[in-house]
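Welcome! Take a moment to look over the sequence and the 3D view before reading on.

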Amino acid sequence: MGLKFNAVAAFLVFCILNANAQVFDITKYGAGGGDATQAVQKAWTEACASATPSKLVIPKGDFNVAQLKLEGPCKAPIEIQLQGTLKAPVSMGNLQNTDGWISISQVEGFTMNGGGVIDGQGAEAWKKNDCDKNPKCSGLPMNLRLNFITHGMITDVTTKDSKNFHVNVLGCKNITFQHFTVSAPETSINTDGIHIGRSVGVNIIDTSIQTGDDCVSIGDGSQQVSITGVTCGPGHGISIGSLGRYPNEEPVKGITVKNCTITKTMNGVRIKTWPASPPGSATDMHFEDITMNEVGNPILIDQGYCPYNQCTANVPSKVKISNVSFKNIRGTSSTKVVSKLACSPGLQCDQVVVSDIDLTYSGPEGAAESQCSNVKPQITGKQNPPACAAPATATATA
């Protein structure tokens with residue numbers, strides 16, 4: 001409740017600060033029927049330079065924009081009121097060598113709202129995306145990169161059909177997404193909804209995510225992340241990781257996923273680390289009050305995560321997982337193994353709690369099953385199926 005209260009309080013503060021904000025409407029800077037890139041950039045530059053709170057307005061209508069780099073620091077809090085639709089180029093063109101279509105960086109006191117849409121027009125790019133199989137693939141641009149934002153609130157905005165991740169949150173502090181929408185088809189490749197890395201105090205509240213990869217993915221260095229009231233699906237579920245692929249990754253700590261509904265996804269809630277990893281840690285991670293509807297692998301710890309054989313699979317992961325709980329998780333599974341805790345043979349998982357699990361499977365493979373390896377969880381409450389009744393086997397999930 002504390003994180004949610006702080007998010008709401010921050011939003012109210014921004015509303016008060018911006019109630020009499022100076023308005024910078026992009027149509028006053030030349031945005032019209034053609035390319036609006038320069039109009040948005042000019043409006044941002046002047047709004048960011050304002051000594052009092054400012055509001056950049058993108059009115060109703062469609063606006064074509066190429067790459068936007070909206071950079072601070074700004075002299076006062078700044079709001080983007082997105083009422084219309086920003087549309088990315090269909091072809092890669094000058095986005096070919098960038099990983100961000102719209103990036104907002106180095107701002108303290110930032111809000112985005114207005115009911116508008118960020119449309120990446122990614123369908124053509126997905127056809128060319130082979131990053132799921134080719135580790136040397138060329139990068140595709142994300143819809144929205146938020147870099148080093150402090151005290152941010154993004155609400156009532158939709159990101160649609162990104163060519164890559166929809167939102168990437170890097171180096172941010174105290175940032176909240178509320179009544180946010182991610183929309184992309186199940187077939188879209190590598191279109192994670194919200195990816196978080198090296199950020200502290202991230203709240204995702206009452207948000208709908210439909211996409212082709214993880215609804216929310218949490219990378220290294222993420223701390224104090226709260227995900228509540230999220231509806232996820234289609235997609236690959238809500239994931240911590242993957243972790244341990246690169247050297248010098250920072251610890252993950254303090255992750256809460258609560259009161260969420262996950263529907264027809266490839267996975268449910270999971271923690272994934274690469275084998276043969278450098279040392280690392282992930283601790284204080286809690287999944288509670290989750291409803292699963294025809295979800296594959298509803299509960300999963302996978303410390304042998306190795307998609308498309310891009311790893312040394314027979315060397316144990318050195319990412320230490322501890323203080324994890326799965327509580328009151330219920331619903332239906334599309335796979336026979338409804339719970340799999342496959343911890344590293346090199347570093348077993350510690351302080352794991354499994355409580356009140358009720359997951360059913362009605363497919364052709366037989367009765368639902370729970371598997372465990374290299375972990376001795378504390379088991380309480382209802383267990384359907386019986387917890388840890390079989391050893392965990394290798395997993396191959398994206």
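Here is a short tour of the model, sorted by topic.

This is a predicted model, so please read every value below as computed from it.

**The annotated site**

- Start with His-236, which the UniProt annotation "active site" covers; that label comes from an unreviewed entry.
- To find His-236, go to the loop between β19 (231-232) and β20 (238-243).
- Is His-236 buried or exposed? His-236 has 10% relative accessibility and therefore counts as buried, since buried means under 20%.

**Empty space inside**

- Rolling a probe the size of a water molecule over the atoms shows where empty space is left.
- The search gives three cavities of 30 Å³ or more.
- The largest cavity holds about 80 Å³ of space.
- Residues that line the largest cavity include Asp-220, Tyr-246, Glu-249, Glu-250, Ser-281 and Val-319.
- Sorted by class, this lining has five nonpolar residues, three polar ones and three charged ones.
- Keep Asp-220 and Glu-250 from the lining in mind, as both return in a salt-bridge network.

**Salt bridges**

- Side chains of opposite charge can pair when their charged atoms come close.
- How many salt bridges does a search of the whole structure find? The search finds seven.
- One of them joins the side chains of Arg-198 and Asp-220, at 2.9 Å from N to O.
- This pair links distant parts of the chain, 22 residues apart: Arg-198 sits in the loop between β14 (194-197) and β15 (200-205), while Asp-220 sits in the loop between β17 (216-218) and β18 (223-228).
- Arg-198 counts as partly exposed because its relative accessibility is 35%, whereas Asp-220 is buried at 15%.
- Arg-198 and Asp-220 also belong to a network of salt bridges together with Glu-250.
- Another salt bridge is formed by Arg-270 and Asp-214, with their closest N and O atoms 3.1 Å apart.
- Here too the pair links distant parts of the chain: Arg-270 is in strand β22 (residues 269-273) and Asp-214 is in the loop between β16 (208-210) and β17, 56 residues apart.
- Arg-270 is buried, with 1% relative accessibility, and Asp-214 is buried as well, with 2%.
- Lys-320 and Asp-350 make a salt bridge through their side chains, at 2.7 Å from N to O.
- Lys-320 belongs to strand β25 (residues 319-333) and Asp-350 to strand β27 (residues 350-361), so this pair ties together parts that are 30 residues apart in sequence.
- Lys-320 is partly exposed at 23% relative accessibility, and Asp-350 is partly exposed at 28%.

**Aromatic pairs**

- A pair of aromatic rings is described by the distance of the centres and the angle of the planes.
- The count comes to three aromatic pairs.
- Trp-274 and Tyr-305 form an edge-to-face pair, with 5.5 Å from centre to centre and 90° between the planes.
- Trp-274 lies in the loop between β22 and β23 (280-295), and Tyr-305 lies in the loop between β24 (299-302) and β25, so the pair links distant parts of the chain that are 31 residues apart.
- Trp-274 counts as buried at 4% relative accessibility, and Tyr-305 is buried at 8%.
- Why is the pair of Phe-287 and Phe-326 stacked? Their ring centres are 5.1 Å apart and their planes lie at 5°, so the pair is stacked, as planes under 30 degrees apart count that way.
- Phe-287 is in strand β23 and Phe-326 in strand β25, so the two tie together parts that are 39 residues apart in sequence.
- Both of these Phe residues, Phe-287 and Phe-326, are buried.

**Where the chain comes back to itself**

- Gly-212 lies in the loop between β16 and β17.
- With a relative accessible area of 9%, Gly-212 is buried.

Conventions: Residues are numbered from 1 along each chain as its sequence is written. This is a predicted model: local features need pLDDT of at least 70, side-chain atom pairs count only at pLDDT 80 or more; totals for chains, interfaces and linings use all residues. Side-chain values use heavy atoms; hydrogens and water are left out. On a 1 Å grid over the protein atoms alone, a cavity is a set of points where a 1.4 Å probe fits but cannot get out, and a pocket is an open set with protein on both sides within 12 Å along at least five of seven lines; lining residues have an atom within 4 Å of a point. Grid points are joined across faces, edges and corners, and a volume is the space filled by probe spheres set on the points. Ala, Val, Leu, Ile, Met, Phe, Trp, Tyr, Cys and Pro count as nonpolar, Asp, Glu, Lys and Arg as charged, and the others, Gly among them, as polar. UniProt positions are given in the numbering used here, feature names are shortened, and annotations may be inferred rather than shown by experiment. Helices (H or I, at least four residues) and strands (E, at least two) are DSSP runs, numbered from the N terminus. Buried means under 20% relative accessible area, exposed over 50%, partly exposed in between (1.4 Å probe, protein chains only). A salt bridge is a side-chain nitrogen of Lys or Arg within 4 Å of a carboxyl oxygen of Asp or Glu. Rings of Phe, Tyr and Trp (its six-membered ring) pair if their centres lie within 6.5 Å; planes under 30 degrees apart count as stacked, over 60 as edge-to-face and the rest as tilted.
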